[in-house]
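Thank you all for coming.

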Amino acid sequence: MPTFPWLWVRLAFTSLLLVLLWQTADGDKIFGLLTQSHPVWFLGAVGLLILQTALSAWRWKIIAYRLGQRFSYPLALREYFLGQVINQAVPGAVTGDAARAVRMRRDVGLKTAGLAVALERFVGQIAMFAVLGLGFLATLIWPGGLAWPTPLANSVGMGLVAVVSVGVIAVLSHHFGGSTRLAGWFRPGLNALFSPKALPSQISLGAAIAVCNLFAFGLCAHSVGAPLPVMALFAVVA
């Protein structure tokens, strides 16, 4: 019995998504803007995004190692790029990460593989929130900084306070919660991210990845003639 041609089905589905995206997002206008962009700045942005992906794959490998999962860096890089392609092609921006966890579950099970993927994405959000917080505070105290609309400034401020509060609760439950269910839920992630051995690499990787992300955005904006000040990159873009 011949096998069903799933490869061709996937290719046809992907092609259909790209056609719909082109029509919905006014592909002709976007293509026109891209053809007028400065290639040097654009290629610089591409390079930064490739570096961001390479560093993210390394961060994932480190987190997985501390959870008891072992795999090579080339495998991590390949799976990370594939997950990004799926995230960009499928709505939701997490489908590729879920697929990455499923594909890497063989030796340690889906729970550990899924936790490693989730923690890597989560620590990336923590780093971006930290950049946002520093950038937001800088715009408030820097002379001539960005003028935030009051409702937006209040929303950003409350969001930052909420994130910091959750982090404080997690750390306190880890150190003082004993065997409570909350402490048990937080402990694996805290050990993988914030133990004395893990914290230096997480801080350095988080900062480098966030900077690559933001400055790639800035180079893209510069390439189409809409440059952004550095403070806007760290506050508004973040």
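Which residues of α3 are buried? Before I answer, please note that this is a predicted model, in which local features need pLDDT of at least 70, side-chain atom pairs count only at pLDDT 80 or more, and totals for chains, interfaces and linings use all residues. Residues are numbered from 1 along each chain as its sequence is written, and side-chain values use heavy atoms, with hydrogens and water left out.

In α3, the buried residues are Ala45, Gln52, Thr53, Ser56, Ala57, Arg59, Trp60, Ile62, Ile63 and Ala64, where buried means under 20% relative accessible area, exposed over 50%, and partly exposed in between, with a 1.4 Å probe and protein chains only. Helices here are DSSP runs of H or I with at least four residues, numbered from the N terminus. Helix α3 covers residues 39–66, and its 28 residues, at 1.5 Å a residue, should span 40 Å, which agrees with the 41 Å between its end C-alpha atoms; the expected span is 1.5 Å times one less than the number of residues. Just after α3, Gly68 takes a positive phi of about 95°.

Let me turn to the core. The largest nonpolar core has ten residues, namely Ala57, Trp60, Ala64, Phe71, Ala76, Tyr80, Ala101, Met104, Ala116 and Val117, a core being a set of buried Ala, Val, Leu, Ile, Met, Phe, Trp, Tyr and Cys residues joined through side-chain atoms within 4.5 Å. Two or more residues come from each of α3, α4 (73–89) and α6 (110–141), and α3 gives the most, with three. A second, separate core of seven residues includes Leu132, Trp148, Ala153 and Ala235.

What links Trp60, Phe71 and Tyr80 into a cluster? Ring pairs do, and rings of Phe, Tyr and Trp (its six-membered ring) pair if their centres lie within 6.5 Å, with planes under 30 degrees apart counted as stacked, over 60 as edge-to-face and the rest as tilted. The charged end of Arg100 sits over the ring of Trp60, 4.5 Å from its centre, the rule being NZ of Lys or CZ of Arg within 6 Å of the ring centre and within 35 degrees of the ring normal.

The structure holds six aromatic pairs. One of them is Phe215 with Phe234, whose centres are 5.9 Å apart and whose planes meet at 75°, so the pair is edge-to-face. Because Phe215 lies in helix α9 (residues 199–223) and Phe234 in helix α10 (residues 230–237), this pair ties together parts that are 19 residues apart in sequence.
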